[in-house]
Amino acid sequence: LLDGFALDAEEARFETLDDTLRYCYGVAGVVGIMMAILMGVDREDEETLDRACDLGLAFQLTNICRDIYDDARAGRIYAPTHLLEREGVGPSPQDVLDPANKEGVWRAALCLLDIADEYYASATMGVRRLPPRAAAAVAAARNIYRDIGRRIREGGPDVWRARVAISGPRKAALA
């Protein structure tokens, strides 16, 4: 967790998917592991802890996609720059913010959301191994975060005109 925070403090660059996933692990994957242990998962149950880590990775990848413009305005890019460049977007925050690049930014976000979906699917196996009450809460959070990704996909390149959020009634339905 401290290593993940250090990446932010150092203003690390994330050039490859592995760089971004290393960051996601440090700020969210380890949180998933810690939460699973707090929810009663045995520290020796590596399979379930790995699935908890996967959920943290999926959450953080979704956050990166949701906040891509807010982060760029703050001078940060967490999406892999090689992925942005593949979509015709330069590696600087100014490039991400350039209105001419909004379709490329959206396509890069779609790629990250596809990867997040793989982690969401993997995490589902671990949710089943949690105590029932904890499983229900984790499944609700998973459903809500996946819905953020769905909104980004369906919203197209203009989806970030306002913060992508899920309404209270929709959250209740997803829970």
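The side chains of R51 and D54 meet in a salt bridge with an N to O distance of 2.9 Å, where a salt bridge denotes a side-chain nitrogen of Lys or Arg within 4 Å of a carboxyl oxygen of Asp or Glu. The model is predicted, so local features need pLDDT of at least 70 and side-chain atom pairs count only at pLDDT 80 or more, whereas totals for chains, interfaces and linings use all residues. Residues are numbered from 1 along each chain as its sequence is written, and side-chain values use heavy atoms, with hydrogens and water left out.

**The R51–D54 pair**
- R51 and D54 are three residues apart in helix α3 and are therefore separated by about one helical turn; helices (H or I, at least four residues) and strands (E, at least two) are DSSP runs numbered from the N terminus.
- R51 counts as buried at 15% relative accessibility, and D54 counts as buried at 8%.
- Buried means under 20% relative accessible area, exposed over 50%, and partly exposed in between (1.4 Å probe, protein chains only).

**Other salt bridges**
- A search of the whole structure finds 20 salt bridges.
- R153 forms a salt bridge with D117, the closest N and O atoms being 2.8 Å apart.
- This pair links distant parts of the chain, with R153 in helix α8 (residues 132-155) and D117 in helix α7 (residues 102-127), 36 residues apart.
- R153 is partly exposed at 26%, and D117 is partly exposed at 22% relative accessibility.
- R150 pairs with E154 in a salt bridge whose closest N and O atoms are 2.6 Å apart; being four residues apart in helix α8, R150 and E154 are separated by about one helical turn.
- R150 is partly exposed at 28%, whereas E154 is exposed at 58%.
- A network of salt bridges links R66, D67, D70, R73 and R163.

**Cysteines**
- A search of the whole structure finds zero disulfides, a disulfide being a pair of cysteine sulfur atoms within 2.5 Å.
- The sulfur of C53 lies 9.8 Å from the closest cysteine sulfur, in C24, which is too far for a bond; C53 is buried at 9% relative accessibility.
- For C111, the closest cysteine sulfur is in C65 at 9.3 Å, also too far for a bond.

**Surface charge**
- D42, E44, E46 and D50 form a negative surface patch; patches are made of residues with over 30% relative accessible area and no salt bridge, with like charges joined within 9 Å and nonpolar side chains (Val, Leu, Ile, Met, Phe, Trp, Tyr) within 5 Å.
- E44 lies in the loop between α2 (17-38) and α3 (46-66) and is exposed at 67% relative accessibility.

How values were computed:
Areas by Shrake-Rupley, 256 points an atom, 1.4 Å probe, with all protein chains shown as cover. Lys, Arg positive; Asp, Glu negative; His and termini not counted. Charge placed at Lys NZ, Arg CZ, Asp CG, Glu CD.
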